[in-house]
Amino acid sequence: MKSETGRSFYIHTFGCQMNQADSSIITAILMDGGYVVAGSEEQADIVILNTCAVRENAVERISHHLQFLRGAKRRNRSLLVGVAGCVPQHLKREMLEMFPVVDFLAGPDTYRNLPLLIRDAVEGKRPAALDFRIEETYGGIEPFGEVGVGAFVPVMRGCNNMCAFCVVPFTRGRERSQPFSAVMDEVRRIVAGGYREITLLGQNVNSYADLEGGKDFASLLRAVSLEAPGCRIRFTTSHPKDISPDLVDAIAESPNICSHVHLPVQSGSTRVLERMNRGHGIDEYLETVALLRSRIPGVSLTTDIIAGFCGEEDEDHEATLTLLRKVRYDTAFMFYYSPRSGTAAWKTLEDTVPLAVKKRRLQEIIDLQLLISAECLQNSVGSVVEVLAESESRRSPEQLMGRTETNRAVVFDRGEARPGDMVRVQVLKASSATLTGVNKGVLPAF
Ligand code: SAH
Ligand code: SF4
Ligand code: F3S
């Protein structure tokens, strides 16, 4: 349904890469509905916050932003404010009561309705589209607004895992996979668009299953790697319990699949993992790590950790520190546990760890991991790495910034290279988060 409205919109994206990919889908849907992209938030007729509900502070962050938009609305009475993504899906219509500034709500499965929702919002109706549509994978919509050298492909949406702490199954609904042929169409479009990196996305990407085509994630990954031989292929997030030997082989065999696996562990204690309902213990996790390390030489592992989950004792926390020392992740996302309403932990477990203890444990985890990350970076000094150049460095126009296969940022002298080129770089120096190196020449495609 087209309406040449000409109104402009601006999307502010919070949360995970899936939300980033969704913002490009929302952009495509709104443009098809006759809306145009605003140059900035200040110039927009419609501001949409695409939100994340995974931790408490995520809601705080948007409330600050909504506060600011209340001021903007006083200055411009026709400004519309929409909230999309996981927060409205979690809080439901309650959001409209909490935030009178909000004109419309759209959950992650309802973005095709946005043009209609906006029309209703213009009439002052404050619509809320929050139903789950198990068949919705946004097939046939070409995302718009991807910047840089890489593109995302959401291959599955939703999650069936029900980890006790996690709100995602309630904000994203049940798992569903994009049909294999649709993923391949999207990959061909990305290749034709000149992108050099493709990231396959899913909350639990390795449980991808195209039931009709009989394809699992390993076969999808192989097919994407062959279809896009000039692109680097990444994928996230993998669940440790679904790493199959065949998937490990697919990564090992394909030169353009990055040797990097983000493998969230959450805790180093089997007792806590059981309470979290993660579906594996530490021994199985370490077996998976050993398998990855034996078949993929130099594989980079990264993780997510939650400190202070319900019932976590000092010895469980020690087990997490021990695990970090054992696995030596390149980097980690580290959080302290925040109870989320509706989850199993919120309903049935007591949040026993006092905030001060959660914070202290988290700090110990962060301090240790930062040390390990710095050592990993230091160890790469002297080596030659392959870097996909992304953009001009912020420090100097004479330098480019790019990323290694293991996702480390590298700054190097530009030479003949341009963003989008694969460059051999000799690492000279490592700081806490960035490598600096010297350009050893542009590589031909893989
Ligand atoms: N699907 C991914 C995780 C998605 S959420 C997986 O299974 O690993 C991203 C991360 O947020 C999680 O890995 C977890 O470390 C963190 N997280 C989720 N819920 C949380 C909560 N209630 N409190 C603190 N951290 C949380
Ligand atoms: Fe949340 Fe667990 Fe699903 Fe990840 S696998 S999104 S942590 S329920
Ligand atoms: Fe956040 Fe929703 Fe992603 S809760 S982590 S934006 S799936």
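Reply: Let us begin with a pair of residues, keeping in mind that this is a predicted model: Glu 392 has Leu 400, in strand β18, as its bridge partner.

Me: How do you know that β17 and β18 pair?

Reply: Two strands pair if at least two bridges are found between them, and β17 (residues 384-392) is joined to β18 (residues 399-404) by 5 bridges in the antiparallel sense, so by that definition they pair. The two strands form a hairpin, with 6 residues between them.

Me: What makes β17 and β20 a pair as well?

Reply: Here too at least two bridges are required, and 5 bridges join β17 to β20 (residues 422-430), the strands running antiparallel. Across this pairing, Val 385 stands opposite Val 425.

Me: How do you know that the length of helix α12 agrees with what its residues should span?

Reply: At 1.5 Å a residue, the 14 residues of α12 (residues 314-327) should span 20 Å, and because the C-alpha atoms at its ends are 20 Å apart, the two values agree.

Me: Why are the buried residues of α12 said to line one face of the helix?

Reply: Buried means under 20% relative accessible area, and in α12 the residues that qualify are Asp 316, His 317, Thr 320, Leu 321, Leu 323, Leu 324 and Val 327. Seen down the helix axis, they fall within an arc of 155°, and therefore they line one face. On the other side of α12, Glu 315 and Lys 326 are exposed, a word that requires over 50%.

Conventions: Residues numbered from 1 in each chain as written. Chains lettered and ligands numbered in written order. Predicted model: local features only at pLDDT ≥ 70, side-chain atom pairs only at ≥ 80, totals over all residues. Heavy atoms only, no water. Helix = DSSP H or I, 4+ residues; strand = E, 2+ residues; numbered from the N terminus. Expected span 1.5 Å × (residues − 1). Buried < 20%, exposed > 50% of the residue type's maximum accessible area, 1.4 Å probe, protein only. Arc of directions from axis to C-beta.
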